[in-house]
Amino acid sequence: TDSLSSSLTEPVSLKTSSSTSSLHSGYTLSGSMMSLFSSGDFGLVEVRGRIQFSLVYETQKEELLVKVYRCEDIASARKNRSDPYVKTYLLPDKSSHSKKKTSVKKKTLNPIYDQTLRYKVRIGELRSRTLNLSVWHAEPLARNVFLGEVEVALAQWDWTCNQPLWQDLQPRVRESRYEGVTRMQIHTLAVTQISGGLPLTGEVHIWLREAQGLLSNKGGAIDSFVRSYILPDASRQSGQKTRVVKRSISPTYNHTMVYDGFHTSDLREACAELTVWQREGLKTHTLGGIRLSCGTGQSYGEAVSWMDSTEEEIAVWTSMIENPNHWIDTSLPIRTNLAHRSE
C-alpha cells in the first residue's frame with residue numbers, strides 16, 4: 001500500500017460528521033442520549049446539581065481510574081431527602097461487567113464518596129469508549145430514582161488533566177437507544193489505465209484500516225474480520241476478506257482489497273459492500289456493514305435491494321468516481337440495517 005500511495009497525488013479528505021478526534025484534542029462532556037439497562041423512574045424528579053470526578057489512565061496496569069469525589073445540591077427523591085449513589089458504564093459496553101457503583105450515602109443532597117472505580121482497558125481502545133456517570137437514589141423496597149448523569153467522550157479527553165472536575169448533571173432522554181461509536185476507516189482509489197487501445201478500464205482499491213467499538217452481545221472484546229464484495233458480483237471470486245483480529249474492541253486490519261477491470265460507467269452501477277463479522281469458535285455471524293454506491297436502488301436497469309447506501313456512503317463513492325487516482329479518506333458508521341440480498 002505504501003508503494004502504491006507514494007506514486008499518487010495527495011489524499012482527498014472527505015469530511016463527514018463521523019470523523020475521529022485525537023486523544024489529546026481536549027475533552028467534551030455532554031448529557032446522555034440513551035437509556036441503559038438500569039431500572040428507575042425517569043422524569044419524576046427534576047434533575048439539578050453537579051458531580052465532581054477525575055480520570056487517570058495507568059499505562060503499565062492498563063487501567064482507567066474513575067475517582068468519584070462528591071455530588072453537590074442534587075435533587076430530592078423522597079420528602080426532601082435522597083440516598084444517592086453513583087453508577088458508571090464504560091460504553092458501548094452496557095453489560096453487568098461494565099457496571100460499577102459507589103456506596104450509598106444516606107439522607108443527603110451533598111454526598112461525599114472519595115471512591116475509585118477501576119476499568120481494565122487497553123489504551124488503544126480508549127478513543128472508542130464513552131464514560132457514563134449517573135446518580136441514583138437507592139430505594140430498597142421500590143424502584144431506584146434517576147437523579148442525573150454526565151457523559152465523557154474519552155476520545156476527546158485531555159489526559160494531562162488529572163485534577164478534580166465539576167460538571168453539571170444532565171437529564172436523560174427517555175426511550176432513546178444507544179447506537180455505539182463504531183466507525184470504519186477506509187480509503188478508496190480508482191486507477192484508470194489504457195491498454196492496447198481497449199476501452200478505459202481501471203481498478204478499485206479499498207484500504208480497510210480499522211473498526212472501532214465492536215462488542216459482543218454480552219459486552220467485551222470479540223474476534224472479528226471484514227468481508228467485501230463488489231456487487232452485483234456476489235460470487236466466491238468477488239469475495240475478499242481480512243485476517244481475523246482476536247479479542248479486540250477496536251481491531252486494526254490494515255488490509256487492501258483490489259478489484260480490477262472496471263469501466264467508469266460500471267462504477268455507477270456497482271456497490272462495494274463491506275460487512276463486519278464476529279467469529280465464535282467455528283461459527284460466524286455478521287455485526288453490520290457499509291455499502292458504497294450511488295444509492296439509486298437500481299443496477300443496470302434492474303431494481304436491487306443492495307443499492308441502499310446512506311447519504312454519507314453515497315458521498316464517498318461519488319467522490320471516488322469524480323477523483324480518479326486519489327485516495328478518499330473517510331470514517332463511516334457500521335449499519336445494522338443493511339437490506340437483505342439474495343446470495
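This is a predicted model: local features need pLDDT of at least 70, side-chain atom pairs count only at pLDDT 80 or more; totals for chains, interfaces and linings use all residues.

Reader: Okay, and where does Glu 125 lie?

Author: Glu 125 lies in a loop, the one between strand β7, residues 112–120, and strand β8, residues 130–137.

Reader: Which residues does Glu 125 touch, leaving out those up to four places away in sequence?

Author: With those set aside, Glu 125 touches Ser 248, Ile 249 and Ser 250. Taking Ile 249 from that group, the C-alpha atoms of Glu 125 and Ile 249 are 6.6 Å apart in space, while the two residues are 124 apart in sequence.

Reader: What about contacts like that in the protein as a whole?

Author: Among contacts between residues at least 6 apart in sequence, 70% join residues that are at least 24 apart. As for burial, 48% of the 343 residues in the protein are buried.

Reader: How many helices and strands are there?

Author: The protein has three helices and 21 strands. Four of the strands form an open sheet, in the order β7-β4-β3-β10, with antiparallel pairing.

Reader: Which strands stand at the edges there?

Author: Those are β7 and β10, the latter covering residues 165–168; each has a single partner strand, so one side of each is left without a neighbour in the sheet. From one strand to the next, the twist averages 30°.

Reader: And how many bridges join β4 to β7?

Author: Seven bridges join β7 to β4, which spans residues 63–72, and the two strands run antiparallel. As one example, Val 68 has Gln 115 in β7 as its bridge partner.

Reader: Switching topic, how many aromatic pairs does the structure hold?

Author: It holds five aromatic pairs. In one of them, the ring centres of Phe 225 and Trp 277 are 6.3 Å apart and the ring planes meet at 10°, so this pair is stacked. Phe 225 belongs to strand β13, residues 222–231, and Trp 277 to strand β17, residues 271–280, so the pair ties together parts that are 52 residues apart in sequence.

Reader: Is Phe 225 buried or exposed?

Author: Phe 225 counts as buried, because its relative accessibility is 4%.

Reader: Which residues form an aromatic cluster?

Author: Phe 53, Trp 157 and Trp 159 form one aromatic cluster.

Reader: And what lies over the face of Trp 136?

Author: That is Lys 87, at 4.3 Å from the ring centre of Trp 136. Lys 100, in turn, lies over the face of Tyr 119, at 5.2 Å from the ring centre.

Key: Residues are numbered from 1 along each chain as its sequence is written. Side-chain values use heavy atoms; hydrogens and water are left out. Contact means heavy atoms within 4.5 Å. Rings of Phe, Tyr and Trp (its six-membered ring) pair if their centres lie within 6.5 Å; planes under 30 degrees apart count as stacked, over 60 as edge-to-face and the rest as tilted. Buried means under 20% relative accessible area, exposed over 50%, partly exposed in between (1.4 Å probe, protein chains only). A charge sits over a ring if NZ of Lys or CZ of Arg is within 6 Å of the ring centre and within 35 degrees of the ring normal. Two strands pair if DSSP finds at least two bridges between them. Axes are lines fitted to C-alpha atoms, for helices over the stretch in contact, and angles run from 0 to 180 degrees between N-to-C directions.
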